[in-house]
Amino acid sequence: MTIETTGRWASVALTDGEGVSLLEISRERMNHLSNLFVMIRELLKKRALQIGDITCIAVSAGPGSFTGIRIGVSAARALAQALDLPMIPVPTLEAFVFQGSTASAAGPDSSGGSAAPGASPGPIAAPLFDARRSQVYAGAYRLEGGGIRTLVEGKAWELPEYLTRLAEKADGSVVFYGDGIDAYPEEVLSCIAMLKARGIPAAPAGEEMQLQRADA
């Protein structure tokens with residue numbers, strides 16, 4: 001089971017050895033505490049599973065909403081301790097290299113632009129989260145041969161510095177993710193234009209794939 005509460009929407013996914021089998025997303029903005037265990041119960045019910053059938057719990061560990069991270073990590077930790085299961089913290093920014101690469105039962109749009117694990121190198125995932133005052137939590141990553149290559153370090157950046165660094169480091173097509181796209185549309189579009197002027201395809205991810213998702 002995977003838990004995602006670092007962003008605007010909370011989501012939970014069940015996975016097996018073949019990849020994601022089911023995803024549940026709450027569209028209620030920042031209402032994670034009320035919805036998280038309801039979604040877990042609904043997922044288990046849809047798969048005709050019991051909580052004891054879960055073998056491992058992964059949780060998105062941030063950066064992101066401080067309150068959201070506390071809710072998700074606390075819930076994952078409580079479940080892991082109660083069920084005596086391993087808990088895996090997943091770096092939220094790096095997870096975007098898998099956005100859209102899994103076949104989820106929850107959404108019509110499964111095209112995030114990322115390569116499947118082990119496939120040839122995919123596009124560069126460029127997630128940026130609004131940290132206010134022209135700052136973002138951001139990074140840039142590419143999935144290569146099943147591993148993640150970091151092109152821009154994931155951390156808190158001044159927005160102009162991050163976009164400049166991204167434009168310098170990009171050596172292939174770029175897909176932008178995160179709520180920073182809406183918070184700083186002009187700056188992101190300017191970076192896209194800069195990349196395209198260098199012959200590098202760049203665009204925001206589709207609306208359904210822009211924000212954090214537990215299936216990634």
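Predicted model: local features only at pLDDT ≥ 70, side-chain atom pairs only at ≥ 80, totals over all residues.
User: Glad to have you here for a look at this one. Which residues does Cys-191 touch, not counting residues up to four places away in sequence?

Analyst: In it, Cys-191 touches Leu-163, Leu-166 and Phe-176. Cys-191 itself has its place in helix H5. The C-alpha atoms of Cys-191 and Thr-164 are separated by 7.8 Å, although the two residues are 27 residues apart along the chain.

User: Why is Cys-191 called buried?

Analyst: Its relative accessible area is 2%. Buried means under 20%, so Cys-191 with its 2% counts as buried.

User: What makes Thr-5 count as buried, and where is its place?

Analyst: Thr-5 has 0% relative accessibility, and the cut-off for buried is under 20%, so the label applies to Thr-5. Its place is in the loop between strand S1 (2-4) and strand S2 (10-16). Leaving aside neighbours within four places in sequence, Thr-5 is in contact with Ala-10, His-32, Leu-36, Gly-68, Ile-69, Ile-71 and Gly-72.

User: Back to the helices. Which residues of H3 are buried, and how do you know that they are on the same side of H3?

Analyst: In helix H3 (residues 159-169), the buried residues are Leu-159, Tyr-162, Leu-163, Leu-166 and Ala-167. They cover an arc of only 130° around the axis, so they sit on the same side of H3.

User: What covers the buried residues of H3?

Analyst: The cover includes strand S6 (124-130), strand S7 (135-144), strand S8 (147-158), strand S9 (174-177) and helix H5 (185-197). H3 lies across S6, S7, S8 and S9, and runs at about 155° to S8.

User: What makes H3 roughly parallel to H5?

Analyst: The axes of H3 and H5 come within 10 Å and cross at roughly 20°. Angles under 35 degrees count as roughly parallel, so that crossing makes H3 roughly parallel to H5. As for handedness, H3 passes H5 in a right-handed crossing. On the H3 side, Leu-159, Leu-163, Leu-166 and Ala-167 take part, and they meet Glu-187, Val-188, Cys-191, Met-194 and Leu-195 in H5.

User: Now the strands. What makes S6 and S9 a pair, and which residues are bridge partners?

Analyst: Two strands pair if there are at least two bridges between them. S6 and S9 have four, in the parallel sense, so they pass that test. Among the partners, Ala-125 has Val-175 in S9, and Ala-126 has Phe-176 in S9.

User: How do you know that S9 pairs with S10?

Analyst: The same cut-off of at least two bridges settles it: S9 and strand S10 (residues 202-204) pair over three bridges, again in the parallel sense. In S10, Ala-203 is the bridge partner of Val-175.

User: Why are S8 and S10 called edge strands?

Analyst: Five strands form an open sheet in the order S8-S7-S6-S9-S10, with mixed pairing. S8 and S10 each pair on one side only, and that makes them the edge strands. From one strand to the next, the twist averages 15°.

User: Which way do the residues of S9 point, and are they buried or exposed?

Analyst: Val-174 and Phe-176 point one way from S9, while Val-175 and Tyr-177 point the other way. All four named residues are buried.

Terms used:
Residues numbered from 1 in each chain as written. Heavy atoms only, no water. Buried < 20%, exposed > 50% of the residue type's maximum accessible area, 1.4 Å probe, protein only. Helix = DSSP H or I, 4+ residues; strand = E, 2+ residues; numbered from the N terminus. Arc of directions from axis to C-beta. Contact = heavy atoms within 4.5 Å. Axes fitted to C-alpha atoms, helices over the stretch in contact; angles between N-to-C directions. Parallel < 35°, antiparallel > 145°, perpendicular 65-115°, else oblique. Left-handed = near helix turned anticlockwise from the far one by under 90°.
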